[in-house]
Amino acid sequence: MYVYDKHDQTFVEARSQEFRDQVKRRLAGELSEDEFKPMRLMNGLYLQLHAYMLRVAIPYGTLSSDQMRKLAYLAEKYDRGYGHFTTRQNIQYNWPKLVDVPDMLDELAKVQMHAIQTSGNCIRNVTSDPFAGVAGDEWIDPRPTAELLRQWSSLHPEFAYLPRKFKFAVTGAAEDRAALKFHDIGLKVKPGADSEPLFEIWVGGGQGRTPRIAVLFEDKVELVDLLPKLDSMLRVYNLHGRRDNKYKARIKILIAEYGLENYRSDVEEDLALQSLEPFAPAVAEYHRIAKDFERTDVPPRSVSSPKQEPQSPGLTAWIKQNVTSHKIAGYGVVSISLKPKGGIPGDATAEQMYALADLAERFSLSELRITHRQNIVLPYVPASDLAELYEELVVHGLAEDNVGLLSDIIACPGLDYCALATARSIPVAQTLSTRLRERESREDLSGLTLNISGCINACGHHHAASIGILGLNRAETENYQITLGGSSNDNASVGEILGPGFSQEEIPAAVDRILDFYQASKQPDENFNQVYQRLGKSAFKEAVYVAA
Amino acid sequence: MAKKVKTDQIFVLTANDLSSGDIVFWSGESRWAQEITSAHVIAANEQDTFTEIASASESANEVVGAYLTPVERKNSDLQPVELRERRRVAGPSIAYGSPVLPQKIAA
Amino acid sequence: MWLLKKDGNWHPIDASELVTANRVTPESFEGDLEHIASTGQVVIINFAGPNDGRGFSFAKRLKRYAPSLKLIASGKLTPDHARLCFQTGFDEVLLSDELVARQSASAWKSALENSVDRTYLEDKINSNLPSIWAERAQEINR
């Protein structure tokens with residue numbers, strides 16, 4: 001993992017002090033709410049439906065046991081004993097008091113954490129592959145790039161007031177586990193000559209009201225050119241992105257309206273004016289950072305299977321579903337589901353977070369990851385410890401064996417918390433997960449995803465799911481629209497609206513009819529989106545609406 | 001933008017407390033209360049007066065984001081008309097923060 | 001009107017002293033840096049609102065194109081924008097009497113002092129402390 005040096009530490013502490021001063025000025029009335037709002041947002045502090053909400057950054061989803069323990073402590077001391085892990089690999093606290101937030105940030109700074117740029121119209125916390133560094137299909141660890149971006153973008157003086165938020169994701173493996181093409185800029189890292197990284201830059205992806213798949217901006221960009229290029233890409237966006245309508249302010253709209261070629265030539269023109277001096281240390285920085293991510297402390301493990309103790313059916317199922325092969329023989333990558341049957345997707349109690357911190361220490365070299373599907377990963381678990389780990393997880397209610405199944409639902413907080421939401425997401429997820437867990441015990445529901453958003457802003461990634469559910473407000477009643485055929489992987493696609501919406505009560509039966517039709521129609525080895533593409537919307541529509 | 005409202009529509013003035021973030025309602029006694037049951041009921045033709053009270057309280061840094069929201073009387077209680085406001089007053093509809101019950105280890 | 005300098009100090013200025021300055025708005029900017037640079041030595045860049053960051057990128061480009069130009073930021077700014085102005089190429093910030101009356105001189109100076117003005121790529125304002133990356137590079141070469 002990346003470990004802060006004295007400069008990083010001083011920087012984060014200084015930012016915490018700066019925010020303390022801003023809060024003090026706000027409480028004293030020196031700053032109006034209009035003036036304070038962009039400042040608090042830039043440091044992750046929202047005013048939600050019921051209370052303030054603090055979003056803490058977990059850069060590229062990697063954290064240590066000590067950091068997880070601190071997150072648990074904050075939940076216990078300053079919140080109501082729980083936190084919510086988000087699709088951007090962050091954690092949200094739903095009930096902090098403004099007066100307590102400076103102390104929370106000081107606590108975070110003690111373990112090299114912060115809330116910098118987790119909101120606001122600036123470059124947001126960079127996300128990445130939760131299996132970075134341990135996946136068998138990885139070409140190159142994306143996290144040194146992500147950390148380089150974190151440093152470049154943190155408190156960047158020019159990009160604090162962009163037209164709209166700006167999201168980066170970085171991956172370095174064959175499989176896309178970070179929804180790269182749904183980001184404003186996605187970087188795919190591959191090794192070039194001498195194993196130096198080469199970058200594909202994808203631009204203009206996003207969800208929200210106008211979902212777009214990113215397009216390739218440039219291929220084979222060398223490390224030395226990366227940051228000057230990104231700096232120019234952001235500058236052109238800052239100058240030309242629309243500011244008259246917040247729904248048209250993301251870079252995806254600039255690319256669509258201005259044209260990729262025009263955008264590209266403006267970037268080139270700006271690059272010609274760039275002073276490269278501030279970027280000169282970037283290559284050395286990258287290699288300094290990369291050293292921290294190389295784990296040299298992974299003890300070799302026997303690959304021969306130990307004497308086979310009889311496994312409980314629960315353990316066998318959990319290993320099959322939640323454990324992925326590791327690039328180092330004798331280890332497994334363990335995904336821990338935060339989607340218990342009937343539970344709240346992404347929520348963990350303080351007690352569970354303490355347990356996760358302890359288990360990571362015992363079984364995973366003190367390292368954890370957060371996934372964009374709102375689950376936790378223990379990246380370094382010896383195969384011989386899986387049974388023991390499983391038993392511990394059972395005790396803490398963390399052993400649901402559904403990672404990658406349909407009941408592994410992404411859901412935003414929705415109208416239960418969010419000031420922007422038009423309908424609730426969580427109760428829909430709870431009902432569906434209960435029903436889907438029952439179906440999953442009888443039939444194979446892998447290879448398709450179900451995501452729920454409580455408004456058109458699409459924080460629950462409904463566009464990017466095989467089955468997407470979007471909660472709307474129709475005449476002051478919650479109503480849910482279904483989209484089909486979306487995907488966030490390398491063949492990213494945007495789901496299509498199936499037809500008229502449903503009431504909350506009607507949703508489970510509608511989902512059942514979709515699944516019944518899919519199961520009856522699918523050919524061997526076909527996944528949901530393939531069936532959907534082959535048969536088309538009308539066939540599904542008939543199955544869902546006519547059969548009703 | 002002012003919506004056209006029925007002349008018999010009633011309102012309450014609500015906001016969030018600046019330092020705690022708690023939801024508050026104008027009680028009509030120069031103070032903000034935590035419960036909607038203590039809210040002062042505002043008639044349609046009194047909206048301007050209470051919009052001024054809202055601005056003054058915001059300027060005095062007591063509350064954030066004050067606004068009038070339409071309510072109706074249900075039995076003897078006040079209930080917001082809008083979905084969002086009903087949820088805001090009722091709080092989250094889910095049992096949050098409760099630990100998920102451990103499953104039994106399958107035999 | 002008042003002019004705020006990098007060191008946090010101010011001085012009053014009469015509007016007549018700036019009549020010859022070239023006033024530009026980033027929103028109407030069509031990319032002709034050459035024209036702007038040839039119109040005068042002092043350029044006042046207006047910020048349309050406190051959340052409109054175009055002026056920062058505009059200043060950065062213009063300063064690189066014509067480093068000898070004197071750039072002045074004006075418009076709807078708050079004390080916390082001062083750091084951003086000075087790190088994106090502005091030499092001074094022009095403040096209206098109204099802004100100064102509401103925010104007070106000390107607010108601007110204190111925001112500048114309390115801001116995190118040394119970043120990974122930016123040198124500390126008013127100091128010989130280089131950016132974090134520059135200092136790390138020096139440490140590696142030492």
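**Close-up views of a predicted model**

**View 1. Domains 1 and 4 of chain A.** The centres of domain 1 of chain A and domain 4 of chain A, taken over C-alpha atoms, are separated by 33 Å. Their contact takes 7 residues from domain 1 and 7 residues from domain 4 of chain A (two residues are in contact if their C-beta atoms, placed from the backbone, lie within 7 Å). On the side of domain 1 that touches domain 4 of chain A there are 2 nonpolar, 5 polar and no charged residues. Here Ala, Val, Leu, Ile, Met, Phe, Trp, Tyr, Cys and Pro count as nonpolar, Asp, Glu, Lys and Arg as charged, and the others, Gly among them, as polar. Chain A is divided into domain 1 (6-110), domain 2 (142-289), domain 3 (315-395) and domain 4 (410-546), with bounds from an automatic or database domain assignment.

This is a predicted model, in which local features need pLDDT of at least 70, side-chain atom pairs count only at pLDDT 80 or more, and totals for chains, interfaces and linings use all residues. Residues are numbered from 1 along each chain as its sequence is written, while chains are lettered from A and ligands numbered from 1 in the order in which they are written.

**View 2. An open sheet in chain A.** In chain A, 5 strands form an open sheet in the order 16-17-18-19-20, with mixed pairing. Helices (H or I, at least four residues) and strands (E, at least two) are DSSP runs, numbered from the N terminus; two strands pair if DSSP finds at least two bridges between them. Strand 16 (410-411) and strand 20 (496-497) of chain A are the edge strands, each pairing on one side only. Strand 16 pairs with strand 17 (residues 450-453) of chain A in the parallel sense over 2 bridges, and Ile410(A) stands opposite Asn451(A) in strand 17 of chain A.

**View 3. Helix 6 of chain A and helix 2 of chain C.** The axes of helix 6 of chain A and helix 2 (residues 54-65) of chain C come within 8 Å and cross at roughly 125°. Axes are lines fitted to C-alpha atoms, for helices over the stretch in contact, and angles run from 0 to 180 degrees between N-to-C directions. Helix 6 of chain A and helix 2 of chain C are therefore oblique to each other (angles under 35 degrees count as roughly parallel, over 145 as roughly antiparallel, 65 to 115 as roughly perpendicular and the rest as oblique). Arg235(A), Asn238(A) and Leu239(A) of helix 6 of chain A make the contact with Arg54(C), Ser57(C), Phe58(C) and Lys60(C) of helix 2 of chain C.
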